[in-house]
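Subject: Structure handover

Hello,

Here is the structure you asked to look over. My notes follow below it.

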Amino acid sequence: MTHPTFSNLRIDIDRLLGRLMALGQDGALEGGGVCRLALSDTDKLGRDRVVGWMKELGLTVTVDKVGNLKGVLPGREDLPPVMIGSHIDTVATGGLYDGNLGVLAGLEVVSVLKDSGYVPLRPIVVAAFTNEEGSRFAPDMMGSAVDRGSLPLDEALAIKDAEGFVVGEELARIGYAGETDPGHIDPYCFFEIHVEQGPVLEEEGDLIGAVTGVQGISWTEYVIEGESNHAGTTPMRLRHDAGFAAAAVAVAARKVAGAIGDSQVATVGVNELDPNLVNVIARKARMTVDLRNIDEVKLQQAESMLAAEIEAICKAEGVSYIARKLARFEPVMFDSSMVDLIAGTAKEQGYAVRRMPSGAGHDAQMFAPNCPTAMVFVPSKGGISHNIEEYTAPEELQAGANVLLQAALTKAEEK
């Protein structure tokens, strides 16, 4: 599996941890987490730091028109490169590892090559994609979707957040509205290392996850319009309660997930009432429902069932609603030979490995239709992620990064 000239190379865990901790200072939260929403001032600080590291390593850095960062290390020949990437934007209550590990482990691979003097046949590209989380601007995986052509650039640049700020204007404001066309690099293959964000690896005692694919994702926003009235004087039979309807939709989403079973999940993430007062019937509710499944047919079934439920709920309560699709991605399966490469490399290094799907979306899924793609998972303590308590032990980070190093260099030596 490994090539004799690089099989002895290993990552420097202290250097990788040092970069993770340093990047965690940009948008640091009390308790150890990070808030670095896409295209915010703290995102600019993080981008500046990553670009600085890329330049210190002698990489050729480009910023494209949607703000994606790419640093290129030349190979022995001018061939399509091996790309390693992820993101550095976070949710509002993020941890140190989600996304950041994928970018900084890529920089660690380059650092190892620089230290050893080893030059791979193919170039190595380290990428940091814009707005993977989708917490501020929907949809998620925005930068990688534009890069791969599944989201038009003009459409992405025109997207607004909840406060009316526009992607294109915010990119310019923080100095990352680049001039390079997205997708200017077509990779030979793509790798992403990520914390699992779930409990499976830890519970099963496995150190490495060889990711087989990514669940399909369906995000919908519902705005429900009712009638505001006095909480004490309005009989129940005369109410048109947007808050009640929203609550009933939340219950219905859980019911749909249970009815379909298997890997189907449903989550109400946003739930806002107007007016949000103790003694007033809500006039308006805004909520989001996140549906996910590894099976596209079942995901469509969940969407259809929930649509019927909300129609019936709103009709019975005498309220109206508007549904707006925020994001929709079909399930993605990764190249079987790439999954085999991750699993085989992990076993060669003596690590317990599990083949598993991802329940979360990742930039890698945008690349899977265009080039051989693989993901490496490392455990998340307690299955916790999108939380300031997110934690992966140094020895787990080291194992995953070493698997990434050897797998990426194996592909980088292929003709």
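By class, how many nonpolar, polar and charged residues does the lining of the largest cavity have? The lining has 4 nonpolar, 4 polar and 3 charged residues, where Ala, Val, Leu, Ile, Met, Phe, Trp, Tyr, Cys and Pro count as nonpolar, Asp, Glu, Lys and Arg as charged, and the others, Gly among them, as polar.

Some conventions before the rest. This is a predicted model, in which local features need pLDDT of at least 70 and side-chain atom pairs count only at pLDDT 80 or more, while totals for chains, interfaces and linings use all residues. Residues are numbered from 1 along each chain as its sequence is written, and side-chain values use heavy atoms, with hydrogens and water left out.

Cavity

Searching the whole structure gives 1 cavity of 30 Å³ or more (a set of points on a 1 Å grid over the protein atoms alone where a 1.4 Å probe fits but cannot get out; lining residues have an atom within 4 Å of a point). The volume of the largest cavity is about 60 Å³, taken as the space filled by probe spheres set on the points, with grid points joined across faces, edges and corners. Among its lining residues are Asp43, Arg47, His87, Asp89 and Phe129.

Annotated binding site

An unreviewed UniProt entry places the feature "binding site" at Asp98, Glu133 and His386; positions follow the numbering used here, the feature name is shortened, and the annotation may be inferred rather than shown by experiment. These residues are spread over 289 residues of sequence, yet they cluster in space, with a largest C-alpha distance of 9.9 Å.

Asp98 sits in the loop between β3 (82-86) and α3 (100-116); helices (H or I, at least four residues) and strands (E, at least two) are DSSP runs, numbered from the N terminus. Asp98 counts as buried because its relative accessibility is 5% (buried means under 20% relative accessible area, with a 1.4 Å probe and protein chains only). Beyond four places in sequence, its contacts (heavy atoms within 4.5 Å) include Glu133, His194 and His386. The Asp98 side chain also makes a polar contact with the side chain of His194, at 2.9 Å (a pair of N or O atoms within 3.5 Å, one able to donate a hydrogen and the other to accept it; residues adjacent in sequence count only if both atoms are side-chain atoms).

Glu133 is in the loop between β4 (124-128) and α4 (142-147) and is buried, at 9%. Its contacts beyond four places in sequence include His87, Asp98, Trp219 and His386.

Regards

Key. Buried < 20%, exposed > 50% of the residue type's maximum accessible area, 1.4 Å probe, protein only. 1 Å grid on protein atoms, 1.4 Å probe; cavity = no way out; pocket = protein on both sides within 12 Å on 5 of 7 lines; lining within 4 Å.
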